[in-house]
Amino acid sequence: MGQPISVLIISDSDNEIRPLLDTMIKGGYEPTYKRVETTAAVQSALKEASWDLVLYDDAVAESEAFSAIALLRETDNNVPLIILSDVINEEVVVRSMKAGASDYITKASLSRLIPAVAGALQETIDSRQDQKYHQDIIVDLRKGLEATVQAISTAVEIRDPYTAGHQRRVSHLACAIAAEMGLASRQIDGLRIASAIHDIGKMYIPPEILSKPAKLTEEEYNLIKKHPKAGFDILKDIDFPWPVARIVLEHHERIDGSGYPNGSTEEDLLLESMILAVSDVVEAVASYRSYRPAMAIDVALDEIVSKKGIHYNILVVDACLRLFGLKGYKMIP
Ligand SMILES: [Fe+2]
Ligand SMILES: [Fe+2]
């Protein structure tokens with residue numbers, strides 16, 4: 001029994017492909033095959049099955065050949081393609097290899113077909129393993145990034161035990177609001193990271209101010225107001241694929257310009273920042289703080305409703321209300 005191999009053969013005659021199949025059988029393969037002639041037929045053959053190998057007989061019109069190669073590379077970049085020709089035409093060889101052919105052999109030396117097939121199949125295996133390796137690395141890096149962000153988040157909160165878990169809960173709520181609003185997963189990923197460390201700038205604030213059990217003096221409050229910019233400065237040089245530093249910078253901005261640090265208004269704020277602002281205030285009001293006991297979630301939602309369209313983006317507030325009211329969302333512990 002030979003090694004099974006499914007081969008899509010682009011050729012204009014059955015007579016041409018018999019020697020190819022015989023050579024493959026002699027070389028230890030057991031081919032199942034389909035012969036097609038046109039680019040359109042290649043397209044439907046690629047749709048209906050997956051192929052181990054494509055053989056192209058260049059007796060078929062050259063224009064068909066290049067559109068077939070292009071099509072193959074668009075559909076599945078891993079399937080090897082070997083071109084068979086009556087004569088060696090250097091220019092066509094170069095063009096074919098550039099276009100993505102794996103090998104080019106003449107029909108006069110069909111004995112080269114077997115090593116060419118073996119080489120092409122091995123390359124496919126290597127390239128699939130490479131792709132898998134890179135995919136695995138991306139998954140590992142992502143997990144590592146999330147764990148690192150979580151560790152930083154916890155480190156920030158250690159100095160302020162009253163807000164333990166604040167950033168984690170804000171991040172969870174912010175992502176739920178973003179999903180409810182239909183944001184792209186790329187935006188949600190950035191929001192998740194930014195929310196989880198949005199108060200990182202509080203590292204610069206003395207812990208006795210952070211956990212002061214009484215109302216803050218104006219001076220102390222002014223110090224607290226520096227934390228978004230301090231957070232931005234910590235994060236701005238990290239090459240995230242998302243605007244993490246900017247979201248952190250803008251999380252205390254209000255759409256009417258009454259927020260800090262820049263007094264930016266709605267047109268200038270990222271949607272992610274406006275989602276974080278709402279999530280932050282809902283969590284902060286609903287949870288226990290050093291200067292007052294915890295309040296019910298209704299009080300937190302009343303706060304965003306009363307400032308909807310003034311401090312907070314209307315669509316964000318509406319999405320947040322839908323989450324708690326209709327979708328049964330609960331703050332995570
Ligand atoms: Fe903050
Ligand atoms: Fe916060």
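Axes here are lines fitted to C-alpha atoms, for helices over the stretch in contact, with angles running from 0 to 180 degrees between N-to-C directions. Helices are DSSP runs (H or I, at least four residues) numbered from the N terminus. You are looking at a predicted model, in which local features need pLDDT of at least 70, side-chain atom pairs count only at pLDDT 80 or more, and totals for chains, interfaces and linings use all residues. Residues are numbered from 1 along each chain as its sequence is written, while chains are lettered from A and ligands numbered from 1 in the order in which they are written.

Take helix 7 and helix 12: their axes come within 10 Å and cross at roughly 45 degrees. On the helix 7 side, the contact (C-beta atoms, placed from the backbone, within 7 Å) involves Gln-187, Gly-190, Leu-191, Ala-194 and Ser-195. Helix 12 answers with Glu-272, Ile-275, Leu-276 and Ser-279.

Along with Ile-177, Val-248, Val-278 and Val-316, Ile-275 touches the most other members of the largest nonpolar core, which has 36 residues. Such a core is a set of buried Ala, Val, Leu, Ile, Met, Phe, Trp, Tyr and Cys residues joined through C-beta atoms within 7 Å; buried means 20 or more other C-beta atoms within 10 Å of a residue's own. Helix 12 gives the most to this core, with seven residues. A second, separate core of 30 residues includes Ile-10, Ile-17, Met-24 and Val-79.

Methods
Buried ≥ 20, exposed ≤ 12 C-beta atoms within 10 Å, placed from the backbone. Helix = DSSP H or I, 4+ residues; strand = E, 2+ residues; numbered from the N terminus. Contact = placed C-beta atoms within 7 Å.
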